[in-house]
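This report is meant for someone meeting the structure for the first time. Please look over the sequence and the model before reading on.

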Amino acid sequence: MERLRYEPFGERLAPEREEGSASRASKYLLWAGTGLFWSLVVGIVLARAVFFEPGVFDSFSRFAAYATGLIF
């Protein structure tokens with residue numbers, strides 16, 4: 001006998017089909033998407049750490065002031 005499932009509001013849900021394993025392309029797409037997501041997370045966290053670290057751009061500002069003095 002088939003087991004019936006209901007959603008929280010009482011509607012009957014269609015019985016789940018037994019599907020085979022996911023295709024190879026689907027697995028690669030999931031892997032690529034996950035890798036892209038985590039690489040973006042790491043990139044954003046590192047960019048925030050570099051940008052908000054006090055004193056990181058002090059040497060650049062000194063170089064910019066020196067270059068400005070040479071040009072003007």
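The structure is a predicted model, and the mean pLDDT of the chain is 80, with 78% of the residues reaching 70 or more. Two helices and two strands make up the elements of the chain, and from the N terminus on they follow the order β-β-α-α.

| Element | Residues | Mean pLDDT among the elements |
|---|---|---|
| Strand E1 | residues 5–6 | 76, the lowest |
| Helix H1 | residues 24–51 | 92, the highest |

How much of the chain counts as buried? Of its 72 residues, 0% fall into that class, and the accessible surface of the chain comes to about 7,400 Å², of which carbon and sulfur atoms hold 65%.

Helix H2 covers residues 58–71, and its 14 residues reach 20 Å from the first C-alpha to the last, which is close to the 20 Å expected at 1.5 Å a residue. Because the number of buried residues among the 14 of H2 is zero, this helix lies largely in the open. Tyrosine 66 has its place in H2 and counts as exposed because its relative accessibility is 54%, where the cut-off for exposed is over 50%. Together with Leu70, Ile71 and Phe72, Tyr66 makes a nonpolar surface patch of about 580 Å².

Among the aromatic rings, the count comes to one pair. Phenylalanine 37 and tryptophan 38 form this pair, which is edge-to-face, with 5.0 Å centre to centre and 75° between the planes. Is phenylalanine 37 buried, exposed or partly exposed? With a relative accessible area of 46%, phenylalanine 37 is partly exposed, because that class lies between under 20% for buried and over 50% for exposed.

Key. Residues are numbered from 1 along each chain as its sequence is written. This is a predicted model: local features need pLDDT of at least 70, side-chain atom pairs count only at pLDDT 80 or more; totals for chains, interfaces and linings use all residues. Side-chain values use heavy atoms; hydrogens and water are left out. Helices (H or I, at least four residues) and strands (E, at least two) are DSSP runs, numbered from the N terminus. Buried means under 20% relative accessible area, exposed over 50%, partly exposed in between (1.4 Å probe, protein chains only). Accessible areas come from the Shrake-Rupley method with a 1.4 Å probe; for residues, only the protein chains shown count as cover. Rings of Phe, Tyr and Trp (its six-membered ring) pair if their centres lie within 6.5 Å; planes under 30 degrees apart count as stacked, over 60 as edge-to-face and the rest as tilted. Patches are made of residues with over 30% relative accessible area and no salt bridge: like charges are joined within 9 Å, nonpolar side chains (Val, Leu, Ile, Met, Phe, Trp, Tyr) within 5 Å. A salt bridge is a side-chain nitrogen of Lys or Arg within 4 Å of a carboxyl oxygen of Asp or Glu. The expected span of a helix is 1.5 Å times one less than its number of residues. pLDDT is the predictor's confidence in each residue, from 0 to 100.
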